[in-house]
Amino acid sequence: MTDLNSDIEEVIKNLKLSEKKSLNNIYLQLIDEQDENTFINLDTGEITKELSHNNYGLIIKMSVQTFNELKNNEKHPEDLMFEEKIKISGDLKLLQ
C-alpha cells in the first residue's frame, strides 16, 4: 500500500461526524490483492492486521482499489455502496 497516512487524513477531514471523539471507534478495513486485511483507526491512524470484536463501533470495509477510486474522485461513494464495493457494519450513529 502506498502512503496511507496522508490519504487517511484526507478521509477524516471529509467525514461529517456529530462528535470527533467518535473517530476512535471507527476503523477503515482495507483488503489488498492477496485478500489480506488492514484495519486503520480513523482517530489515531494506528494500523493493525486484526481486531477483536469489542474494539470497534463501526467498520468501513473496502478494497484498496476501491479506496483509491474514492481518493482519486473516480467514483462516488453512493455508487460504490450500491455496487456493494463498500460495506459498513456496526453503530451507524457514529456517522451522524
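Asn41 is located in strand E2, which covers residues 37-41; helices (H or I, at least four residues) and strands (E, at least two) are DSSP runs numbered from the N terminus. The model is predicted, so local features need pLDDT of at least 70 and side-chain atom pairs count only at pLDDT 80 or more, while totals for chains, interfaces and linings use all residues. Residues are numbered from 1 along each chain as its sequence is written, and side-chain values use heavy atoms, with hydrogens and water left out.

Asn41 counts as buried because its relative accessibility is 3%; buried means under 20% relative accessible area, exposed over 50%, and partly exposed in between (1.4 Å probe, protein chains only). The side chain of Asn41 forms a polar contact of 3.3 Å with the side chain of Tyr27. A polar contact is a pair of N or O atoms within 3.5 Å; within protein, one must be able to donate a hydrogen and the other to accept it, and residues adjacent in sequence count only if both atoms are side-chain atoms. A polar atom of the Asn41 side chain also lies 2.7 Å from the backbone nitrogen of Asp43.

Strand E2 belongs to an open sheet of 5 strands, in the order E3-E2-E1-E4-E5 and with mixed pairing. Its edge strands, E3 (47-48) and E5 (86-90), each pair on one side only; two strands pair if DSSP finds at least two bridges between them. E2 and E3 run antiparallel and are joined by 2 bridges, and Ile40 stands opposite Ile47 in E3.
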